[in-house]
Amino acid sequence: MLIYACKRLGVAVLVAVAVSLLTFSLIYLSGDPAMALAGEAATQQDIEYIRKFYGYDRPLAVQYADWLTKALTGNFGYSHYLRQDVAEIIFSRLPVTMILGACALVFALTLSIPLGVVAAMRPNTMIDRFALTLAVVGQALPSFWFALILIFWFGIVWRLLPISGTETWLNFIMPSVALGYYVTPAVMRLTRAGMLEVLASDYIRTARAKGLRPPVVLFKHALRNAVIPVVSLAAVQFGFMLGGSIVIETIFAINGLGYLAWESIQRGDLPVMQAIVLILACFYIVLTYLADMLNAFLDPRIRVT
Amino acid sequence: MKPRFILSLPAFALATAIGGGDAMAGKANDTLVWTTDRDQAVADPFYNNTRELVIIGNTVWDGLLYRDPVTGQYKPLLAKSFKWLNTTSIEFELRDDVVFHNGSKFGADDVVYTINYVSNKDNGVLTWQNVKWMKNAAKIGVNKVRIDLHEPFPAALAYFAQAIFMMPKGHYDKAPCMIKADPAKKDAEMEKKVAELAKQGKCVDNKRDIGAVHPVGTGPYKIDKIIAGDRIIMSKNAKYFAGAKEKPKIGNLVFRTIKEKNTQIAELLTGGVDWIWDVPKDQAEKLEGKVQVVNANTFRVSYIQFDVNGGSGQTFFKDKRVREAVAHAINRDSIAKNLVGAPSKVIHSACHPEQFGCTQDVPKWAYDPAKAKKLLAEAGHPNGFSVDLYAYRERHYTEAVIGDLAKVGIKANLKFMQFRALRDLVWKNQTPVNQMTWGSNSIPDVSAITSHFFSGGRDDFAKDPDVIKWLRTADTSVDAKVREENYKKALARISGELYWLPMFTYAKYYAWAKDLDFKVTSDEIPQFNTAKWK
């Protein structure tokens, strides 16, 4: 188990370094950061002046090495656009994104696990078909479109919920539903498949033969076992939701990390972009690593392969 | 204890992450909320080069002069009067009844400090193009200053009115240094350098955290709070002086960032915000009746730039007949009328018609596809050709151009990208033809556009020595007649040779709440101080 854990950790670190390198290169390929800082009306001389003043005239390798060395100590540099410390900016925006991700995950699990259980209990019935339809729609529906539909009905027509911002907890309802719905199909189908497998197993038959009440068989014996892979999937999906909240945060004007990422890309704010991508990648890598470890703990065959 | 602490974390996070719901929009709360799609973390017009800060700059600060958006005349604002001492020196006599938002009195020292600070290259002002023509300022009397320029710059008045705002003396010196000595690193040399500079009130490499200083101006509204990336909360400056700029009427003004246009519209319809702009034409038409909608001209123009020197490797446009064919192939009237909207007009010279020196008395190219085909055949392309066409905004305008070109046999492959990426390619002379736009920073002078592009720099593919000479003469003369004559010669050559095909002026849809009385100005700088509730 220890060897497996170390190997996975090594891969995770390599992925993090590769992501940082790739991000750095892609951001430079998308255009000149000095030009973005100087603005549209700047002349070539103005841009050269900004480039020199803010250190973008140094060789790329030097800039990357400088940034990476500092990032390892938690110093992500300074945003020349926001004129603030990047770490400060990111940690001021992170809580909103975490709350949104957590709310969306709670919504997704609350909807998908009961649906998956019910669908497994009554396979190939109307309720199973309904759950399947819900899953297919969730997978197929672009989140931005679903978000706009929610705004239209709940914000404009019925005026039940606030449309944008983060002033009250009500502001988080529509974004959480829009973000969480996309994750629902995967969790629901995994729950359904797990439950179908568990319900057909010998120990469930034995439990039923012992005369245990159906709810006890279902929740105490079947669901506890079927839901284990769902936990590791949920962890990975949480990472996905943190990174994937860009669209939802943009639509609902939620001042979180995703929104910051979008803004930073637009204005070529290099230090902020690099830090966000690295932090989100690290979240994803850590959550995937934890999921791998959990799976390896539950299923020893994984450690061997 | 531990589980309870863990359980309390989400509640704490929620409480800290969710704002206090600062100000509600609308007449009932006397709060005008306006929104655009760009966030503004630093509310300083010298360290933020977005259009929003041009607007906030004119709302929170004042310049020495004021440009009347209706008549286009320059009037004294913080100055009582001004006069040119010679071609490179202006004298301003200042008002003595103006106070800053922090209560300090405005005077000559503030002007001298502001001008000398922003025109010092070492201070890293981001709007460098707006200030670089000033050399320095000196106090020559109790309320008199003289500002010297590097060379004659006739457009100076426009910049004094719209881009150079007065800060209180010592304002930027309060900003903490960006580069600090890190005790953990035990870098003795750096610690010594930081300490020495601190004694002189300076920072390493002159780098300061400007965003950390609370903005202070003299303008009709004062900034109360900045929630970085989300909103800027302003309130009426009750002590605003009676000058050329109107006193504010509405009690509170809030700038909010909402990136998504549909969300902006939804908020406007439900009273969450009171004022938006840049509404797409189709959506603006649907909003008519529900809110107030106005389509108004702006200072932005669209143009097509040709690679006339063939540096991109695709050499079609070296031949003037091909450029003429393109000019005759594009139905500019139809694009302006049907896609941009009614106030948009076709332009014939490389500038905005409302700018000083922008004559339309230049060679014109009418829509004539048959002539375009004939010209292409004469140039050796009877079956047309295929070329890459670059663009960066309003994709549908460029698609209309592509459609028109296809009708005469030119297959234009659209390369759509972000402005900074495209500009990089343009400067490397790698684009055979591109559709671009230019807003001139709302400066009503030809020097802000034609001279910017045709003075021999990297944007100038033609590098026509005559054009460069004429523009130089016009840019450095303070004689209006000389300027007009020389600009006319340059503009006529540019249009005649088709270095650019000027396309049309941009129009912009504004939408605001029914109970708001607001007047649109053509300089694209909304005057919120003149707005009032009905």
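In helix α7 of chain A, A:Ser143, A:Phe146, A:Ala147, A:Leu150, A:Ile151 and A:Phe154 meet A:Met174, A:Val177, A:Ala178, A:Leu179, A:Tyr181 and A:Tyr182 of α8(A). Contact here means that the C-beta atoms of two residues, placed from the backbone, lie within 7 Å. By class, the contact of α7(A) with α8(A) has eleven nonpolar residues, one polar and no charged. Ala, Val, Leu, Ile, Met, Phe, Trp, Tyr, Cys and Pro count as nonpolar, Asp, Glu, Lys and Arg as charged, and the others, Gly among them, as polar.

This is a predicted model, in which local features need pLDDT of at least 70 and side-chain atom pairs count only at pLDDT 80 or more, while totals for chains, interfaces and linings use all residues. Residues are numbered from 1 along each chain as its sequence is written, with chains lettered from A and ligands numbered from 1 in the order in which they are written.

The axes of α7(A) and α8(A) (residues 173-199) are 9 Å apart, at an angle of about 145°. Axes are lines fitted to C-alpha atoms, for helices over the stretch in contact, and angles run from 0 to 180 degrees between N-to-C directions. The helices themselves are DSSP runs (H or I, at least four residues), numbered from the N terminus. The crossing of α7(A) and α8(A) is right-handed, whereas that of α12(A) and α13(A) is left-handed. A crossing is left-handed if the near helix is turned anticlockwise from the far one by less than a right angle, and right-handed if clockwise.

For this second pair, α12(A) (residues 257-267) and α13(A) (residues 270-298), the axes come within 9 Å and cross at roughly 140°. α12(A) and α13(A) are therefore oblique to each other; angles under 35 degrees count as roughly parallel, over 145 as roughly antiparallel, 65 to 115 as roughly perpendicular and the rest as oblique. A:Leu257, A:Leu260, A:Ala261, A:Ser264 and A:Ile265 of α12(A) meet A:Val272, A:Met273 and A:Ile276 of α13(A). By class, that contact has seven nonpolar residues, one polar and no charged.

Between the chains, 45 residues from chain A and 47 residues from chain B take part in the contact. Elements giving two or more residues to the chain A side include α5 (86-121), α7 (143-157) and α12. By class, the chain A side has 25 nonpolar, 13 polar and seven charged residues. The predictor gives the complex an ipTM of 0.77 and a pTM of 0.81.
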